[in-house]
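Reader: Hi! Could you walk me through this one while I look at it?
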Amino acid sequence: MESIKVPSFWERKSTKEIITKIILYIIILAGAFIFMIPFFWMLSTALKGQEEAFQIPPQWIPNPVHWENFSIGWNTLPFWLYLKNTVIIIALSLVGQLLSASLVAFGFSRLQFTGRDILFFIMLSTMMIPYQVTMIPTYILFRYLGWIDTFKPLIVPNYLGGGAFSIFLLRQFFLTIPLEMDDAARIDGCSNFNIYLRIILPLAKPALGTVAIFSFMGHWNDFMGPLIYINSMDKRTVALGLAAFQAETAFRSSAWNLIMAVAFLLMLPCLIIFFFAQRQFIQGVVITGVKG
Amino acid sequence: MRINKKKLLSNIEGYLFISPWLLGVLIFTVGPIIASLYLSLTNYDIINPPSFIGFSNFKVLFFEDPLFWQALKVTTLYTLGSVPLQLIFGFLIALLMNQKLKGMSVFRTIYYLPAVVSGVAVSVLWKWIFMPDVGIINILLSKIGINGPRWLGDPAWVLPALIIMSLWGVGGGMVIYLAGLQGIPTELYEAAELDGAGKWAKFRAVTIPMMSPVIFFNLIMGVIGSFQTFTQAYIMTSGGPQNASLFYILYLYQRAFQELRMGYASALAWVLFLIILVCTVIIFKTSASWVYYEGSRGR
């Protein structure tokens, strides 16, 4: 009848159906192949010698395999130090974000107070204001406080709300916890803060995990924040380090194999976290996207 | 007047719980927006105190600064190119992934994977991919007899290159569409079938309307995200060649933090704020005619 490919699972199997399936598989496979090429290409370059990296036609499978590129690239600049800096920033930010976002989300989802819904709406609207709009006065404020070239501008704001995204995600999750649990605890003389601490937080572990993952990704990949606030070389984050490494190496020696090796190492934590926490990951995206 | 003591207490408690956000939004959103409005009316190099100069920053911006218009043009073109393509590709892939075929979860992971990585590492990777002579894109193109452009080195091709790169991350939108597709009740399709609807009719009358809020969300977030483009431009092109990839935020960054023209950059920031506001309002207004909300779930 028609040949447009739309969800067809409610149909009976037929020869036409099988042919459609085969065509679908071919399209999906081809697409998946194209999506993977950049990853293959990065890894392949990362494992080549410098001359082979520029060889045409290229070898897809490096021979010989230069495993040492990873350690050479990583140690050309003090990436262990950058990693330490990044981990400090992420760990301290994470604590602030989880604490403050869950407190605020508790207020927005389980307490009644005047102006709550308006404030919640305002909070959602702030999601649409790009960070760069408020960047300059914020920078001036931090400069006035003497915080430039410290980690503080990258950490402290996380303790004040933890971001509209985290609050929204946690609130949506808190709403799914039955209110009867609060009521029961209240009859037992539990204060709201204790309900938050002893009932809601333990139940919300999966959602807190989701927030933690997104927080990690955000800070790991953040470039503009560190770029603006960090000046000293020994305070660089890994993202700043890679940017500097790329700029210097591409200019001086064109050692793209080493650049790709370091870039791959910096993607690795995100990929690993994704593989281990796929469910939390997808849920986070979905909650904010569909239920918003 | 009698004050309801219990209500007062619960108000205080509520505000205590949300106080971290309240403080944060005052210090880091409301305050800076007002402050940057003031700064935009000044000349301020961060070392000497700001001096009030009225609207001359805006005058210069609109009438004497071709780079401002260039930055606006670049960002708009990129948005017009990347956002619709991302919406379409994300949706199409989600439709494919929604088929009940074997091994689909593996494919979902593969399509989503590029959306997991971002930032400098991705920019560096694509800079290498787009190399004119040794980059993989031109090598593959030459295999089918096409002499690839110089991509990042060609003013005409730098934006298409960055748009192609943005499509690699389309998995983020796909996942949202997929969840939306799976949330459509099967009864709606069955009802449509009873009315004699074919595949295409079902797609148009059920799938699209039911998905419109999700498309709407992805549209808004896509527009806002593309206006924030910075890292790619900074790492891959530095705004070149010939300012062909001078994104708005990159231009703002250069004025503010390389030339320390904080007043002028604040004017840029305010114009950006207004542009995003206008865009969002327009999208919201027009959404009434195409976004469908189920009665009970309406916002």
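Author: Happy to. Two residues are in contact if their C-beta atoms, placed from the backbone, lie within 7 Å. This is a predicted model, where local features need pLDDT of at least 70, side-chain atom pairs count only at pLDDT 80 or more, and totals for chains, interfaces and linings use all residues. Residues are numbered from 1 along each chain as its sequence is written, while chains are lettered from A and ligands numbered from 1 in the order in which they are written.

Reader: Nice. What about helix 6 of chain B, which residues are buried?
Author: In helix 6 (residues 136-143), B:Ile136, B:Ile137 and B:Asn138 are buried. Buried means 20 or more other C-beta atoms within 10 Å of the residue's own, with C-beta atoms placed from the backbone.

Reader: And what do they pack against?
Author: The buried residues of helix 6 of chain B pack against helix 1 (15-46) of chain A and helix 5 (120-129) of chain B. After helix 6 of chain B comes B:Gly145, with a positive phi near 80 degrees.

Reader: Switching to chain A, how many helices and strands?
Author: Chain A has 15 helices and 0 strands. Its C-alpha atoms fill a box of roughly 75 × 70 × 35 Å, taken along the principal axes.

Reader: How much of chain A counts as buried?
Author: Of its 292 residues, 41%.

Terms used: Buried ≥ 20, exposed ≤ 12 C-beta atoms within 10 Å, placed from the backbone. Helix = DSSP H or I, 4+ residues; strand = E, 2+ residues; numbered from the N terminus.
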